Amino acid sequence: MTNSNRRNFIKSVSGVSLAAAMGMGISLRAGAAVKAKIVVVGGGYGGVIAAKYLKMAEPGLEVVLIEQNKRYVSCPLSNEVLAGLGNIEHLTFGYEGLARRGITVVHDTVEAIDPQARKVMISGGKSFDYDRVIVSPGVDFKWGAIKGYDEEASQTIPHAWKAGPQTTLLANQIKDMKDGGVVIITVPDNPFRCPPGPYERAALIAHYLKQNKPRSKIILLDAKDKFSKQGLFLQGWTQHYGDIISESSKEKYGSMIEWVPASKGGEIDAINAATRTAMSVVGKEFKADVLNVIPPQHAGKIAHTTGLVNPKGWCPVDFKTFESTMHKNVHVIGDACVGGAMPKSGYAANSQAKVAVAAIIASLRGVDPDEPAYLNACYSLITPEHGISVTAIYQVKDGQLVEVPNSGGVSPIDVSPAFRKIEVAHAKSWLKNITTEMFG
Ligand SMILES: Cc1cc2nc3c(=O)[nH]c(=O)nc-3n(C[C@H](O)[C@H](O)[C@H](O)COP(=O)(O)OP(=O)(O)OC[C@H]3O[C@@H](n4cnc5c(N)ncnc54)[C@H](O)[C@@H]3O)c2cc1C
């Protein structure tokens, strides 16, 4: 399928399926108004959209959104901050727009959810009753899975995998690094938040170093042997960072990015924070000037304390409703859930939120939910003028969430620089659209 055919196909299919997913399907329009109390836990890419679409679809619902932070910092496009191409303020959003829509926004930490009593407890002992609760807490890190890397170590060895102060810390370390320094990024095994993110990060840090510290190197130590959009990343890295030559002396520094897969000793199981050294499972040691550890992940803590997780630490759900298979009337969306073929992305969380909302309202009305379809697109930047993407539509088949064959794919490998530039514009307009939909 050509790229333009692919995009037209996505447009036509998503036009139909998203109408249903957004709560505009026949069952929602036809039903009588319902009243219920819905609590949403977590105000990120999944939770904010769930709260907003619940209220839009049924103004009579009592919707409470509980989020621990006063402001939300978007991970998408936060890798740009590391390259000095954007700043964190432009990725930071407040919840005032949701309050204006009649959603009760509570800034506090959810300490417990009692699925039997249907109560959500926040710090200080206050609780909220619910008819349904939607849980979208994102990921937490498996501290200790890499020996020597815990929350305290992350204060000097950033993960920058939750955007905010961690992003700024890593950006400053890169800025302060000497020319000729080594940046090491360690990448976990699947599944983890934003599968193409580490590779985009390497490219954008390289973009900064090429301009400012061209003798420097970036090493990706990977717990896997293959990764998302691999062919496109390898091509882009070679094209832009494969043959670094000093502008003044014309000295050749060679390739800036080195990717070490698991089969070549890239999987690490320990770090020494004091010496900024990463140790691989086969006993190799890699010394860094800047060490960025992206730790293994699992569902956010509240999913664990509520008993929503499987042995791997993710929340299994019914893919037609996103209701937990562990507890009734509890829906889990976003990074925390077992997402089938869908990656853990902001776009996926957005799509899942709309399906969960449509299913909840259908069930409150006592009708069957529409057959859901899901959409995802993930853009990555290799330079400020070179973008790549992967897109797909997903459907439920035999109880599994699977990709619709030929519904998407990755950007073509052989295209003009103008095409790559357009993908950058798509990435930026995607962020503007999705965050306006959330917070506008
Ligand atoms: C570097 C990077 C780049 C990325 N780029 C992209 C991209 O280009 N496109 C894309 O689609 N995705 C991208 N992602 C992935 C995207 O950020 C996540 O998939 C998305 O944020 C998941 O949404 P969520 O609602 O599950 O979790 P989040 O957005 O993390 O929201 C969870 C919220 O819950 C709150 N919370 C958690 N526990 C509690 C509690 N107990 N009480 C109260 N509040 C709580 C948290 O404070 C947080 O605000 C990227 C990620 C990274 C790290």
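Predicted model: local features only at pLDDT ≥ 70, side-chain atom pairs only at ≥ 80, totals over all residues.
The shell around the ligand, by class, has 14 nonpolar, 14 polar and six charged residues. In total, 34 residues surround the ligand, and the closest are G46, E67, Y72, R193 and D335.

A polar side-chain atom of Q68 lies 3.0 Å from an oxygen atom of the ligand. In Y45, a backbone N or O atom lies 3.2 Å from a ligand oxygen atom. In S345, a backbone N or O atom is placed 3.4 Å from an oxygen atom of the ligand. As for cover, the ligand on its own has 1000 Å² of accessible area, and the protein covers 94% of that.

Which elements give two or more residues to this shell? They are β2, residues 62-67, and α10, residues 346-364. The most comes from α10, which gives three residues.

I now come to the sheets. Five strands form an open sheet with parallel pairing, in the order β5-β2-β1-β9-β21. At the edges stand β5, residues 104-107, and β21, residues 330-332, each of which pairs on one side only. Neighbouring strands of this sheet are turned against each other by 20° on average, direction ignored. Strand β9, residues 132-135, pairs with β21 in the parallel sense over three bridges, and V133 stands opposite V330 in β21.

There is also an open sheet of four strands, ordered β15-β12-β11-β19, again with parallel pairing. Why is one side of β15 and of β19 left without a neighbour in the sheet? These strands, residues 257-260 and 290-293 respectively, stand at the edges, and each has a single partner strand, so one side of each has no neighbour there. The twist from one strand to the next averages 15°. Within this sheet, β11, residues 182-187, and β19 pair in the parallel sense over four bridges. Across that pairing, I184 is opposite L291 in β19.

Note on methods
Residues numbered from 1 in each chain as written. Heavy atoms only, no water. Near = heavy atom within 4 Å. Polar contact = N/O pair within 3.5 Å; in protein donor to acceptor, adjacent residues only side chain to side chain. Areas by Shrake-Rupley, 256 points an atom, 1.4 Å probe, with all protein chains shown as cover. Nonpolar A, V, L, I, M, F, W, Y, C, P; charged D, E, K, R; others polar. Pairing = 2+ DSSP bridges. Axes fitted to C-alpha atoms, helices over the stretch in contact; angles between N-to-C directions.
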